[in-house]
Amino acid sequence: NGANIQGVDSGIAIKSGKFNILDATVLATGEDTTPTVGYGDGINSSGAAIQMESNNGYPGDIDVSIKGGTFTSQNGVTIYEYIGNGVETQLSDFEITGGTFNANKKVFALSEKFKRKMGKFISGGTFNKEEVGPLLKAGYRLQRDGSVFKVQTVGLFSSGNSSDLEYEGKKKGVFLYIIFGLGIIFTLWFLNKKYKFLEKFF
């Protein structure tokens, strides 16, 4: 809570344990060296703000909850997860409910095993890349605010898990369908009133 961490190889490097991160400032200044490989005595550099390595040589059971703070990779990926040793991710839980995430290249670089296991895990936060849209939990969407994208709860006509531009498009699409439907109803009413149009079918 309130930690200020700056690193070259990475900001925070995780191989096991539970982490509840709130209002931390984490900055990685090193070069982007992803993808990296597993290491049994420490961890290889990545340039990521948060680096999570699944490695059978460690207890694993990695549980990470990010509730706030600022996480920045000057040259690479903000959050990097990979399988260094073994065949499965050792992440047991991962969620983002708040925070500001800045990346030079990508916000997330995640293994396919992680994606299949964790699914959608974002319900809050501000990101400098729109790529995070598919990772939003149901009921949330991205809203553009200048050069960043903020996670917002879903509004009327929105199905969630989309960018603000997609959301606006869907909303306009539904509106047009309503207008079109009302037009058909009015046309049928007019024809029926003037020509008893519907009596031919009933």
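Predicted model: local features only at pLDDT ≥ 70, side-chain atom pairs only at ≥ 80, totals over all residues.
Strands (E, at least two residues) and helices (H or I, at least four) are DSSP runs numbered from the N terminus, and two strands are taken to pair if DSSP finds at least two bridges between them. Strand E1 (residues 4–7) runs parallel to E4 and is joined to E4 by four bridges, with Asn4 standing opposite Thr25. E4 also pairs in the parallel sense with strand E7 (residues 69–73) over five bridges, where Thr72 is the bridge partner of Leu27.

The largest nonpolar core comprises 32 residues, and those with the most contacts inside it include Ile66, Phe94 and Phe108; such a core is a set of buried Ala, Val, Leu, Ile, Met, Phe, Trp, Tyr and Cys residues joined through side-chain atoms within 4.5 Å. A second, separate core of five residues includes Ala48, Val77, Tyr80 and Tyr82.

Phe108 lies in strand E11 (residues 106–109) and counts as buried because its relative accessibility is 7%. Its contacts (heavy atoms within 4.5 Å), not counting residues up to four places away in sequence, include Val77, Ile79, Phe121 and Leu135. The C-alpha atoms of Phe108 and Val77 are separated by 6.1 Å, although the two residues are 31 residues apart along the chain.

Residues are numbered from 1 along each chain as its sequence is written, and side-chain values use heavy atoms, with hydrogens and water left out. Local features need pLDDT of at least 70 and side-chain atom pairs count only at pLDDT 80 or more, while totals for chains, interfaces and linings use all residues.

Conventions: Buried < 20%, exposed > 50% of the residue type's maximum accessible area, 1.4 Å probe, protein only.
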